[in-house]
Amino acid sequence: MLPFSKEILKTVLPNGITVLFQPMKHAASMGVGVFLKQGSLAESQSEHGYFHFLEHMLFKDTETRTSKQIAEEIERVGGILNGSTAREYTQYYVVAIKDKAELAFDILSDMLYRPLFRKEDIATEKEVVIEEMRSYEDAPDDFVYDFYFRNIFGKSYYGRDIIGTRESVGGVNRDKLSNFYQKHYFPKNMVISVSGNFSWKYILELTNKYFSFKNPKDKMDVETIIPPPKKNYTKHLAKRKIEQFNIMLGANGHKREYKTVTTTQLLSTILGGGMASRLFQNIREKEGLCYSIYSFPSYYKTTGLFSISCATSKEKAGKCVSLILKELENIVKHGFTAKELEDAKSNQLGGMAIGYELPENRMNNIGLQEIYYKNYFSLEDRMKAIRGVTLDELNALARDTFGIDSFHLSCVGDMTDSQFAKIPTSLG
């Protein structure tokens, strides 16, 4: 066992797979997750969308179970089995009653190490993924998000849709998928994260029983670092005959560093993190310009974004964006107040404490901290960091985030080019 923290147990099995465990006394449920240390940023141009497609395929038949059996074995005990593909990691997890920990390890091991990749399953899943693409394209609030990333990050790897394209997914075959799987899915490239009411001895028994697979001889621990891309602070419109006008406004952002993440979360809470936020109160409650409006940061190893999202009518879009920019200008010039900071701290501390009660959240938290920080910050560490943010630090970050020459604007809706050109993107 390696030293990690007082409350987290960590070891690396002989095959290189990292195992993390956070005990939770009295918890009736448990979370078991397997994180692959790579996501869509690790794809070559010809592999666009392969991590997401492979995530789908690992829920298909294995050497010992059919896809139906996998689903039945988890669902008959009230459990949840799911996966997700991000730009910098891929995750598979089970949440269930704690008595089913061995079932969770067994299922995840089976899926990750014994897939069959039948040709007929690949053909079927191509259609499923293309239908998933269509569902995003038909939902403006989903489409505008991908449209925004494509525009602000341009042709860089960050600007590619995680799901891929019809052409890239359509070109998947068994040989390509098997080669891609072998290149990325091996023990040294994985982290197992567990939280629940167990002993460390029991977790070690399960990991050694179900995850003692060997690495191919030429496989080393992989860390994908993509250089920070240039951000395009430009304007883009996707014309759609729809009722609402969907808006994504992009500001400067920061890479995933512990201190910066803590301060940025407080900033986002004040600006657009809930019903008491500035944007909600001033744009929705006071002016009635939209139903919902919110802000959110996105963090990566070498870059980041700060985004504001809302939807309104095309007639109100210009005023809506103008008022958002006016709010940001006011923040750059005058900063936040001490009361706003204290309220945001209280909000973050309360939300963190509530989330900490769930084994699933702890499993996710320790897994992602390992991937991004290779360190563990306890609940007390994180609360101390929140309490320690000063008003000067918060306002300096706000000036860096919003004090730019112009903002990025990506929109979806029924508007002419001349109308769209009139929407402002600069402060003042």
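Helices here are DSSP runs of H or I with at least four residues, and strands are runs of E with at least two, numbered from the N terminus. By that count, the protein has 16 helices and 11 strands.

Before going on, a word on the source. This is a predicted model, where local features need pLDDT of at least 70, side-chain atom pairs count only at pLDDT 80 or more, and totals for chains, interfaces and linings use all residues. Residues are numbered from 1 along each chain as its sequence is written, and side-chain values use heavy atoms, with hydrogens and water left out.

Overall dimensions next. Taken along the principal axes, the C-alpha atoms fill a box of roughly 65 × 50 × 40 Å.

What share of the residues is buried? Buried residues make up 57% of the 428, where buried means under 20% relative accessible area with a 1.4 Å probe, protein chains only. Now contacts, meaning heavy atoms within 4.5 Å. Among contacts between residues at least 6 apart in sequence, 81% join residues at least 24 apart.

Now helix 10, residues 278–285. Its buried residues include Arg278, Leu279, Phe280 and Ile283. The buried residues of this helix pack against helix 9 (258–272), helix 11 (314–334) and helix 12 (338–355), and also against strand 9 (293–299) and strand 10 (304–313).

On to the cysteines. A disulfide is a covalent bond between the sulfur atoms of two cysteines. The criterion used here is a pair of cysteine sulfur atoms within 2.5 Å. How many disulfides does a search of the whole structure find? The search finds 0. For Cys290, which is in no disulfide, the nearest cysteine sulfur is that of Cys320, 5.1 Å away. Cys320 is in no disulfide either, and the nearest cysteine sulfur to Cys320 belongs to Cys310, 3.6 Å away. Cys290 is buried, at a relative accessible area of 9%, and Cys320 is buried at 0%.

Is Gln369 buried or exposed? Gln369 is buried, because its relative accessible area is 5%. Leaving aside residues up to four places away in sequence, Gln369 touches Lys374, Asn375, Tyr376, Phe377 and Arg382.

Notes: Buried < 20%, exposed > 50% of the residue type's maximum accessible area, 1.4 Å probe, protein only.
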